[in-house]
Every structure is written in structure tokens, then in C-alpha cells.
Amino acid sequence: MSQSHPLDSDAHALLDTLTSGALAVDGEGLIQYTNAAFCELSGYAPSGLLQQKLADVLKLPPKTDCALCMGACDPLNPQWATFHGGFLLVESSSGAEELRIKIKHSPLQNHWTLCLVDPFSEDTTLTQAHSDFVSTVSHEFRTPLTSIKGFADTLLSYGAQLPDEEKRRFINIIKDQADRLIRLVENLLTASKLGASRVEMSYRPIPLQRLLDKVAHSIQAKIQAKTGVSRNLEVQVKPADLEVWADADRLEQILINLVDNAVKYSPASSAVYVLGEFAPNDDSQIRISVRDEGGGIPEDLLPKIFTKFYRVESPLKQEVEGTGLGLYITKSLTTAMGGQIFAESTPGKGSTFSVILPAATPEKQAAHRRKLYATEEGE
Ligand code: ADP
């Protein structure tokens with residue numbers, strides 16, 4: 001054993017008590033330690049594992065960056081990273097078999113890595129996702145339903161005694177809450193279609209200025225109806241005749257989600273800036289960014305906000321209506337149209353969400369026309 005071994009005998013004693021398989025790998029990718037649970041899981045004797053290349057024992061998808069999980073973890077965040085997927089080659093009486101595994105790994109000193117390996121159980125993940133889904137959705141349904149029922153009951157019991165203005169106010173609340181339920185159902189349907197890759201796109205050149213003005217106008221109208229005051233939404237497109245190559249309805253949905261979030265998660269007195277321009281150093285792409293001056297998002301949570309049902313824990317979570325589906329839908333639609341989305345944020349200062357999509361170049365339009373003719377001729 002080399003002198004630079006970063007696991008002392010106490011660490012060995014601790015790892016030996018674990019029910020998860022544990023492995024320590026040196027900077028060359030050679031296994032230098034294995035606990036009894038890993039031997040049991042893999043069917044190998046310790047002597048069959050020590051000094052073996054990790055890559056010969058585990059089969060992992062070829063990616064880049066991290067020597068162990070090859071890119072599935074965040075190399076800038078040297079914490080425990082969990083990686084679902086990959087296989088362990090298990091020794092059995094009928095030869096080597098593949099066991100699907102999940103790995104938690106963390107860097108040690110001297111470029112060593114400690115890995116905890118467990119069989120991957122899809123059921124556990126599904127059950128967790130399912131229970132998150134049920135609790136989020138039932139909460140999101142219950143809130144508007146309680147409000148609708150309460151105001152409808154009041155109107156039925158005391159409607160005759162209430163002034164007309166009060167009755168109209170109650171009916172407006174019922175309508176707003178019913179609209180909220182419709183939006184929730186629409187979001188859930190879109191999310192489930194996206195999960196099953198059943199969203200069809202119809203691409204065409206879209207004049208960006210017109211679309212951004214339309215989005216700002218519809219959000220402004222919603223804010224006005226709700227609060228009675230307007231919000232400072234600044235739209236700028238440079239050059240003004242930029243055209244993006246996308247599905248118009250889907251792009252509108254993406255932009256509404258982003259501008260809606262910028263408005264929801266920043267103070268009413270602050271401005272929201274929407275900018276359309278060519279992507280830096282690439283005239284074949286267009287960048288649309290939505291910037292707010294809100295509370296921002298901690299950096300380590302930025303990758304999480306695009307996952308289904310995730311909402312950042314903060315006092316705002318209770319105050320602001322939301323399901324955690326908007327950014328999941330936004331990202332899925334963007335990538336389905338061949339684009340990219342990313343978020344930058346400084347807590348306390350604000351956030352910028354940027355969507356990159358192809359510009360509607362003459363080449364794109366010509367290729368589209370060729371495809372249409374080919375389809376027509378084939379009919
Ligand atoms: P929600 O329905 O909760 O708004 P989203 O999927 O649109 O769901 O966003 C996920 C979470 O990301 C939000 O709950 C919020 O915590 C955070 N978030 C999104 N946009 C912003 C923003 N502009 N500023 C701060 N936090 C944001």
C-alpha cells in the first residue's frame with residue numbers, strides 16, 4: 001500500500017460497517033480499497049478487485065470531465081455527487097452479468113476517490129418522484145379549489161344581502177382561481193407530453209420584436225387585472241428585424257414562462273428587461289435574455305430549478321403561486337427546438353435567463369422549403 005494512502009485504519013473500520021459497497025480508487029483509476037459489502041454485491045474476492053482498473057469492474061457511459069462518473073457530476077463542486085446509471089460487472093456462476101447501479105462519489109486527498117455503490121432501484125426513484133408529484137399537485141389543486149368553494153358558498157348563503165360590487169369581486173376571485181386550475185392542468189399535460197416526447201413542432205421564421213411585444217403586452221395585462229398597476233417591462237431587439245427559427249406557440253410559451261417568473265420573483269417596483277440579439281460571436285444563433293432585479297437564486301441550486309416540481313426553499317415559495325413545472329417545460333421545449341437555456345444569478349441582485357435558438361437564416365428557410373416540396377411530391 002502506498003504511503004500516500006488517504007484512508008486510515010479508522011476510516012477502514014467505518015467503511016467496513018456499511019451496507020453500501022465502498023471502493024477507494026487512486027488517481028490512476030486503480031482500486032486500492034474495497035469493503036465487504038462491495039465484495040458481496042459484486043461476487044469478487046478482495047484480491048480480485050485490488051489494483052484492478054475501476055473501468056474494468058464498472059461499466060459507465062462514455063462522457064468527459066470526471067474520471068469516475070465521466071461527466072455526470074459537477075467537477076466544480078467537490079461534494080458527494082450521485083450518479084444513477086452505469087453497471088457493475090457481477091461475477092456469477094453463469095459468468096459476468098451486468099447489475100444496474102447508482103454511485104455516490106467524493107474526492108479524497110491525493111486525487112483518490114471514494115465511491116459508495118448500491119444497486120439501482122427504479123422503483124424507489126419512481127416512488128419518490130410519484131410522492132413529490134402527488135403532494136405538489138394536491139397542494140396546488142387544493143388552494144384554488146378551497147377558495148372557489150368558499151366564495152361560492154358565501155354567494156349562495158348571503159348573496160341576496162351582499163352589494164353588487166362585493167358579489168362581482170367574489171365572482172372575479174372564483175374566475176381567477178378557475179383560470180389558475182386550467183393553467184395547472186395545461187402545464188401538467190404539457191409536462192407529460194414532453195416526458196413522452198409527443199410534442200410536435202412547426203418551424204418558421206418568427207419576427208422577434210413582434211413576439212416579445214406580444215408577450216410583454218399579455219403579461220402586462222395580467223398584472224394590471226390582478227394588481228391594478230402596471231410593471232416596468234423593457235423590451236429591446238437589436239437589430240429590430242431579427243427573426244428566430246422556431247415554433248411560434250412553443251417559443252411564446254417559453255418567453256411567457258421566463259417573463260412571468262421574472263415578474264413573480266422580483267419586487268413590484270423593479271424593472272424586468274427582455275433583450276433579443278445575436279448570440280455572442282455567432283450570427284447563426286439568437287440569444288433572448290430575461291433579466292430581473294429580484295432576490296436571485298443561490299448558485300448551487302441553479303441546475304436544480306430546471307427539474308420537474310423543484311421550487312427553491314424560501315419565504316417566497318409560500319407567497320408566490322407556482323408548481324415548479326414552468327422551467328422544466330421551458331427547458332424541454334427549448335432543447336426540443338435545438339436550443340439551449342441557462343440561468344445566471346447573483347443572490348440579492350437578480351437573475352438572467354438566456355435562451356439560445358437558431359436564427360432564421362436564408363439557408364434554414366431554403367432547407368425548410370426543400371423539405372416541404374419533397375413531402376408534397378411524395379404524397
Ligand atoms: P414555479 O411554478 O415555482 O415558478 P418554475 O419551474 O418556473 O416553477 O421555477 C422553479 C423555481 O425556480 C421557482 O420556484 C423559483 O424558486 C426559482 N425561480 C425561477 N425563476 C426565478 C427568478 N427569475 N428569480 C428567482 N427565482 C426563480
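**The ligand site and its surroundings in a predicted model**

Helix H8 is the element that gives the most to the shell around the ligand, with three residues, where helices (H or I, at least four residues) and strands (E, at least two) are DSSP runs numbered from the N terminus. Before I go on, please keep in mind that this is a predicted model, in which local features need pLDDT of at least 70 and side-chain atom pairs count only at pLDDT 80 or more, while totals for chains, interfaces and linings use all residues. Residues are numbered from 1 along each chain as its sequence is written, and side-chain values use heavy atoms, with hydrogens and water left out.

Let me stay with the ligand. There are 19 residues around it, and those that come nearest are Asn261, Tyr265, Arg311, Thr323 and Leu327; a residue is taken as near if one of its heavy atoms lies within 4 Å of the molecule or strand in question. By class, nine residues of this shell are nonpolar, seven are polar and three are charged, with Ala, Val, Leu, Ile, Met, Phe, Trp, Tyr, Cys and Pro counted as nonpolar, Asp, Glu, Lys and Arg as charged, and the others, Gly among them, as polar.

Two or more residues of the shell come from each of helix H8 (248-264), helix H10 (326-336) and strand S13 (350-358).

Is H10 enclosed or open to the outside? Eight of its eleven residues are buried, so H10 is largely enclosed by the rest of the structure, buried meaning under 20% relative accessible area, exposed over 50%, and partly exposed in between (1.4 Å probe, protein chains only). The buried residues of H10 are Gly326, Leu327, Tyr328, Ile329, Thr330, Ser332, Leu333 and Thr334. Just after this helix, Gly338 takes a positive phi of about 80 degrees.

Ser270 counts as buried, at 8% relative accessibility, and its side chain reaches the backbone oxygen of Pro267 at 2.7 Å. With neighbours within four places in sequence left aside, Ser270 is in contact (heavy atoms within 4.5 Å) with Arg231, Asn232 and Glu293.

I would now like to turn to some backbone details. Most residues other than glycine have a negative phi, and most peptide bonds are trans. Phe309, which is not a glycine, has a positive phi of about 70 degrees; its place is in the loop between strand S11 (282-292) and helix H9 (315-319), and it is buried, with a relative accessible area of 17%. Asn110 has a positive phi near 55 degrees and lies in the loop between strand S5 (95-107) and strand S6 (113-119), where it is partly exposed at 44%. A cis peptide bond, with omega about -10 degrees, joins Lys238 and Pro239, and Pro239 sits in the loop between strand S8 (233-238) and strand S9 (243-247).

Finally, the chain as a whole. The protein chain has eleven helices and 13 strands, and buried residues make up 39% of its 379 residues. Its mean pLDDT, the predictor's confidence in each residue from 0 to 100, is 84, and 84% of the residues reach 70 or more. Where is confidence lowest, and where is it highest? It is lowest in strand S4 (residues 81-92), at a mean of 65, and highest in strand S10 (residues 272-279), at 97. Over residues 74-79 the pLDDT is below 50, and beyond near neighbours in sequence this stretch has five contacts in the model.

Methods: A polar contact is a pair of N or O atoms within 3.5 Å; within protein, one must be able to donate a hydrogen and the other to accept it, and residues adjacent in sequence count only if both atoms are side-chain atoms.
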